[in-house]
Amino acid sequence: MMEGGRAAAARNVSSIQMLSVQPDNKPKGCAGCNRKIKDRYLLKALDKYWHEDCLKCACCDCRLGEVGSTLYTKANLILCRRDYLRLFGVTGNCAACSKLIPAFEMVMRAKDNVYHLDCFACQLCNQRFCVGDKFFLKNNMILCQTDYEEGLMKEGYAPQVR
């Protein structure tokens with residue numbers, strides 16, 4: 001079960017639409033530079049129209065129409081997902097190594113525990129898991145199937161398959 005970084009609050013997320021400019025329509029004004037949009041395509045976001053070059057992240061200057069179909073807003077800033085999460089996202093600690101997990105980093109989850117991708121491994125034999133592999137959670141320890149079944153034979157505990 002693989003998940004991405006923590007999602008932003010829905011009110012701070014807006015969609016970006018790429019539209020063809022119709023030659024018979026009056027040119028629209030760009031919200032970024034205030035000039036008329038005479039290009040073949042324009043972007044619509046935040047109920048405004050933009051040149052493709054004008055709708056950029058306030059931090060990294062990436063063209064938002066090229067990096068996805070969403071943008072994030074907060075504190076009068078227009079941001080890409082990565083910068084939004086870096087600035088305003090919630091961070092946490094890895095359940096295996098206890099080190100900080102940045103809000104924009106991909107993680108693995110098991111119940112309430114969150115792990116760096118590199119830390120998501122059997123805590124007895126260090127076998128790394130791939131997407132779709134079975135793992136078991138016993139006493140907040142991630143175990144591979146082999147180590148879990150060996151423990152079952154020794155202790156007789158009930159499985160929690162994930």
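## Exercises on cores, rings and a sheet

The largest nonpolar core has 17 residues, and A110, Y115, F120, F129, F135 and I142 have the most contacts inside it. A nonpolar core is a set of buried Ala, Val, Leu, Ile, Met, Phe, Trp, Tyr and Cys residues joined through side-chain atoms within 4.5 Å. Buried means under 20% relative accessible area, exposed over 50%, partly exposed in between (1.4 Å probe, protein chains only).

This is a predicted model: local features need pLDDT of at least 70, side-chain atom pairs count only at pLDDT 80 or more, and totals for chains, interfaces and linings use all residues. Residues are numbered from 1 along each chain as its sequence is written, and side-chain values use heavy atoms, leaving out hydrogens and water.

**Exercise 1.** Classify the ring pair Y115 and F120, then the pair F129 and F135.

*Solution.* First, recall the cut-offs: rings of Phe, Tyr and Trp (its six-membered ring) pair if their centres lie within 6.5 Å; planes under 30 degrees apart count as stacked, over 60 as edge-to-face and the rest as tilted. For Y115 and F120, the centres are 5.4 Å apart and the planes lie at 65°, so this pair is edge-to-face. For F129 and F135, 5.9 Å centre to centre and 50° between the planes make a tilted pair. Now check burial: Y115 has a relative accessible area of 0% and F120 one of 2%, so both are buried. F129 and F135 are buried too.

**Exercise 2.** Work out which strands are the edges of the open sheet of 5 strands.

*Solution.* Two strands pair if DSSP finds at least two bridges between them. Write down the order, 4-3-2-5-6, with antiparallel pairing. Strand 4 (48-50) and strand 6 each pair on one side only, and these are the edges. Then zoom in: strand 3 (residues 41-45) and strand 4 run antiparallel, joined by 3 bridges. L43 has W50 of strand 4 as its bridge partner.

Conventions
Helix = DSSP H or I, 4+ residues; strand = E, 2+ residues; numbered from the N terminus.
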